[in-house]
Amino acid sequence: MFRATPDTHRPLVVRGVSKTFTPGFHRPWSKAPRRRVRAVQDVSFSVRPGEIFGLIGANGSGKSTLIRILSSLVLADEGTVEVFGYDIERQSMEARQLINRVSADPSFFRQMSALENLLFFGRVYGLDSADTKRRAIEILDRLGLERTHQRAMVKELSRGQQQKIAVARAFLSSPVLMLLDEPTTGLDPRSKRDVQEFVREVQHDHGATILLTTHDMDEAEALCDRIAFIVGGSIVAEGTSYELRSSIANGNGADAVDLEDVFMELTGKSVEDDEEEVMVNG
Amino acid sequence: MAELNFGGAEQRYFPAPSRRFGARQQASLGWAFVERQTNLWKRHWAWEIVWLVYGVVNTLAITFIAKQLAAEGVVSGRRANDLIVFLLIGTLVWAYLSAVLDDISLVVTWERWEGTIEHTLMAPVPRVAHLIGTAVFGVLHAIVRTSLIMAIALPFFSVSLGHANWGTAAIVLGVGSLSLVGLGILAGVLPLLYPERGEQMSFMVQSVVLLVSGVYYSINTLPTWLQGVSHLSPATYLLRGVRNAVISGASPSAEGRDIVILAVFAVVMIPMSIAVFSAAERWAKRTGRLKRQG
């Protein structure tokens with residue numbers, strides 16, 4: 001069914017999403033079976049209006065693939081994703097007007113300035129030049145990026161400064177659903193705090209719904225209303241931080257354990273450990 | 001696209017997003033790509049000088065062959081003049097063609113290299129606006145670069161252009177540019193399909209166009225089977241039309257057949273290439289090939 005108006009009560013609904021990649025190209029003369037890597041396996045969850053939903057997992061757990069599926073950049077093999085009721089695959093154009101994304105790797109035209117980059121990305125989201133420039137400066141100021149750095153070529157900026165521009169790019173279009181893929185990874189403590197405060201502010205003041213992936217438990221604890229753990233491409237637990245901690249506290253009270261303990265207990269590994277690829281036969 | 005109104009945490013209301021975009025919106029979205037490419041062009045001015053010098057040297061080096069043939073008496077009089085103009089047009093049109101094809105086909109490679117391709121393809125921009133905007137920049141850029149090459153190279157040769165019908169040449173070049181847009185978009189599909197080798201593959205397309213289109217020689221020189229292939233290249237008709245206009249002063253009606261063929265190429269190839277690009281984009285999303293490379 002094609003939806004004409006957004007369903008404001010359901011910002012994000014993910015049902016049974018699976019994705020397996022087959023790297024390389026098929027060579028007709030090769031008899032060796034092709035390597036198949038399972039990235040996401042039967043993932044289902046929903047995000048409520050105005051909440052920050054955290055997806056916690058180690059490197060290689062499938063977080064970024066899942067974010068790409070939710071962003072329409074990877075098509076799922078199975079399952080459906082609805083953004084405010086719009087199917088991300090069949091009504092991609094509508095859904096893409098409502099979302100934006102920050103990736104762990106801030107990518108820009110490195111020879112262009114921050115403002116020139118943002119001007120382009122504002123324009124492709126339908127903003128006019130003057131409005132884009134005004135908003136870009138507002139957001140970059142708010143994130144603490146100095147005016148001289150706003151006009152410098154991106155390649156001359158530090159990673160932390162580039163990540164702030166990436167955050168500004170994503171919020172420039174006033175998305176009602178924001179997908180943040182490890183937005184603070186590799187940032188210095190000050191930049192990390194600036195970004196976290198901005199995310200909290202956007203959620204509080206504008207009611208934006210946010211999906212945040214991270215392997216920083218403190219960040220998840222500080223920002224997220226609800227949390228899901230993802231391991232080997234599958235979600236193994238979901239709930240508020242309190243519920244998750246209570247689930248392993250054995251009557252000692254939720255404060256007796258932290259999220260890292262919960263992750264270790266439920267998955268048998270640390271969130272800092274990189275995951276091995278999950279191979280699939282056939 | 002209407003600006004979203006969050007309406008605060010309590011009232012999460014926002015207007016329905018657009019399913020289709022009007023011509024004006026599409027033009028505005030497409031123009032964003034022209035602005036972006038212009039900014040990149042300004043920042044990469046050193047590369048522009050490199051390509052300009054290469055274009056001038058290439059034009060001179062090839063056209064001097066005709067001058068030597070005239071000096072040795074192999075050709076003389078009007079034929080010598082026509083041969084110089086023939087090669088001059090070949091090199092200039094090739095500089096124009098390759099600039100258009102490069103700008104359109106390299107856009108995916110460039111974005112993949114910078115890592116911005118996911119952000120660009122995720123933006124709610126119809127692919128038509130994206131690709132046509134990129135093509136418009138390519139054509140404008142090629143006009144500027146080729147005009148500069150021509151302005152620098154022309155004084156080296158005392159050729160007579162008194163017969164030229166510049167109006168016909170402009171019409172052929174205009175319609176021919178449209179036909180090249182489709183070819184450029186098709187070449188741009190290759191880097192989308194083959195992240196590591198796609199760029200080289202798009203150069204291969206250009207080199208085939210160079211071989212079969214009669215850039216430096218008449219297509220009659222080619223083996224019969226290659227002459228058949230040359231009819232599939234819009235550059236063949238573009239070069240023939242411009243040469244007839246400049247060397248023989250052909251009128252638009254005299255060149256009508258080539259102009260119509262170029263128009264047919266444009267009408268068929270632009271929608272087809274956009275459809276192929278969209279299908280390739282879908283395949284790249286299905287197989288996870290949009291991720292950053294390089």
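What we have is a predicted model, in which local features need pLDDT of at least 70 and side-chain atom pairs count only at pLDDT 80 or more, while totals for chains, interfaces and linings use all residues. Residues are numbered from 1 along each chain as its sequence is written, and chains are lettered from A in the order in which they are written.

Let me start with chain A, where five strands form an open, antiparallel sheet in the order 5-4-1-2-11; strands here are DSSP runs of E with at least two residues, helices are runs of H or I with at least four, both numbered from the N terminus, and two strands pair if DSSP finds at least two bridges between them. At the edges, pairing on one side only, are strand 5 (86-87) and strand 11 (278-279) of chain A. Strand 1 (residues 12-21) and strand 4 (residues 78-83) of chain A are joined in the antiparallel sense by five bridges, and Ser18(A) has Glu78(A), in strand 4 of chain A, as its bridge partner.

Turning to the contact between the chains, 38 residues come from chain A and 36 residues from chain B, where residues are in contact if their C-beta atoms, placed from the backbone, lie within 7 Å. On the chain B side, helix 1 of chain B gives the largest share, seven residues.

Finally, in helix 9 (residues 234-247) of chain B, 13 of the 14 residues are buried, so this helix is largely enclosed by the rest of the structure; buried means that 20 or more other C-beta atoms, placed from the backbone, lie within 10 Å of the residue's own. Just after helix 9 of chain B, Gly249(B) adopts a positive phi of about 70 degrees.

Definitions and conventions:
Two residues are in contact if their C-beta atoms, placed from the backbone, lie within 7 Å. The expected span of a helix is 1.5 Å times one less than its number of residues. A residue is buried if 20 or more other C-beta atoms lie within 10 Å of its own, exposed if 12 or fewer, and partly exposed in between; C-beta atoms are placed from the backbone.
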